[in-house]
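This briefing is for a reader who is meeting the structure for the first time. It covers pockets, a surface patch, salt bridges and a few points in the loops.

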Amino acid sequence: DLFNLKVSPAEVFQQYNFWIEAVVCLFHLPPFFTFEVSSEQMTNIVVYRAETLCFVANLCRFYGWGRVIKHITLRDLPNRHTVAALQNVSLGYGFVAKRLMHTMHAVTYVALVWAVLLMIFASCLRAFETTACDFSTATHPSCDLLRAKEWQLYNRAISRSNFRYFQNAWWLAFMTSTTVGYGDFFPVTHLGRVVAVLSAVVGVMLVSLLTAALQKVTTHSPEEESAMNLLNREKAYRRSKVIAANLLIVWWRLKKNRPLPRSLRGRTPQDLYTMFKKARNISQMELEDMASTPTHVNFIFVKSREISNLLDQSMGSVVKAMELSKNSPGRSPRRSPLTSLQRRSSLDDIKQSGAS
């Protein structure tokens, strides 16, 4: 039942989402327990400690912030679950993302999401691109091999200290997310390259969202468009006065064969008169014409609804009046003009036949 709020524990345990979340949230390395994993990647030997792998796994818990953002975004919508059930709409993360993108703070939201994801990707890159053999606590036997001490890529020596600093990993994640690829740092492990690919794919999507958000921010709202039209009308009104004064100056000086001022050289009375007519037409526009296109559409819609309501009321009054005229006692029904005309023509025929 859609509106049944009682959920038993058995129903919860039957949901696979519950078990996935339980594994993600309960997974933790026991205290005083560690181990090392060795793998050969691109002719090099990389050793990971258990703490590093568990750290990357625990980063998945950041998904919990999605629920917080979802609750904050939808908490001002009353009866949202009932309305969503009636309209067959899912109020999930897609709905939340669309609502956030239709606000004036969409650029800020996209930038915050981008910054958080860059931190996560940079942490993963630093973890995957750093081998445990660089530290004195490493006990794995593979650390004694030459391929674990000196990394090479295509017969070229690679420095393993690049990703010891978090800022280098963040720089790589940022440049990869913007699809630029500066080239000063690059991943050399398989897991590091997977993170770089994810950073590039997510970066392309975020750049697209950022572009759409900037386009929305830089577009005038209907109120701003109406205000700009009114300001342009006032500007045209003042400009028409200046053009009229310049037109008189040009006409007078040409009539007296005097040189024109430097600012009016090359201007003819015809040009100034055309400019004056254009500015005057703009300055004489009505307030209704200054409204934006959405405002015009809304105004037409409201007026159409008012006219439709008036027509419905008029038709109801006519129907009631006709019903009252039919049911009123002591009044003979009115004869139609066609019946009277037929009766008059029949009397004329009788008189003509009698006279004959």
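The second largest pocket holds about 280 Å³ of space. Of the 14 residues that line the second largest pocket, Thr52, Arg126, Ala127, Thr130 and Phe135 are the closest to its centre. The model is predicted: local features need pLDDT of at least 70, side-chain atom pairs count only at pLDDT 80 or more, and totals for chains, interfaces and linings use all residues. Residues are numbered from 1 along each chain as its sequence is written, and side-chain values use heavy atoms, with hydrogens and water left out.

**Pockets**

- A pocket is an open set of points on a 1 Å grid over the protein atoms alone, where a 1.4 Å probe fits, with protein on both sides within 12 Å along at least five of seven lines; lining residues have an atom within 4 Å of a point.
- A volume is the space filled by probe spheres set on the points, which are joined across faces, edges and corners.
- β2 (44-49), α3 (50-58) and α7 each supply at least two residues to the lining of the second largest pocket; helices (H or I, at least four residues) and strands (E, at least two) are DSSP runs, numbered from the N terminus.
- The lining of the second largest pocket has 7 nonpolar, 4 polar and 3 charged residues; Ala, Val, Leu, Ile, Met, Phe, Trp, Tyr, Cys and Pro count as nonpolar, Asp, Glu, Lys and Arg as charged, and the others, Gly among them, as polar.
- The largest pocket has a volume of about 1,200 Å³.
- Among the 29 residues lining the largest pocket, the closest to its centre are Trp65, Gly66, Ile69, Val113 and Leu117.
- Helix α7 gives the largest share of the lining of the largest pocket, 9 residues, and by class that lining has 26 nonpolar, 2 polar and 1 charged residues.

**Nonpolar surface patch**

- Phe62, Trp65, Val68, Ile69, Ile72 and Val116 form a nonpolar patch on the surface, with about 560 Å² of accessible area together.
- Patch residues have over 30% relative accessible area and no salt bridge; like charges are joined within 9 Å and nonpolar side chains (Val, Leu, Ile, Met, Phe, Trp, Tyr) within 5 Å.
- Accessible areas come from the Shrake-Rupley method with a 1.4 Å probe, and for residues only the protein chains shown count as cover.
- Helix α4 (residues 64-74) gives the most to the patch, with 4 residues.
- Val68, in helix α4, is partly exposed at 38% relative accessible area; buried means under 20%, exposed over 50%, and partly exposed in between (1.4 Å probe, protein chains only).

**Salt bridges**

- The whole structure has 7 salt bridges, each a side-chain nitrogen of Lys or Arg within 4 Å of a carboxyl oxygen of Asp or Glu.
- Glu21 and Arg67 form a salt bridge (2.8 Å, N to O); Glu21 lies in helix α2 (residues 16-26) and Arg67 in helix α4, so the pair ties together parts 46 residues apart in sequence.
- A salt bridge also joins Glu40 and Arg147 (2.8 Å, N to O), linking strand β1 (residues 36-41) to helix α8 (residues 146-149) across 107 residues.
- Glu36, Arg49 and Glu51 are linked in a network of salt bridges.

**Loop residues**

- Most residues other than glycine have a negative phi.
- Asn79 has a positive phi of about 55° and lies in the loop between α4 and α5 (80-87).
- Thr179, in the loop between α9 (166-177) and α10, has a positive phi near 60°.
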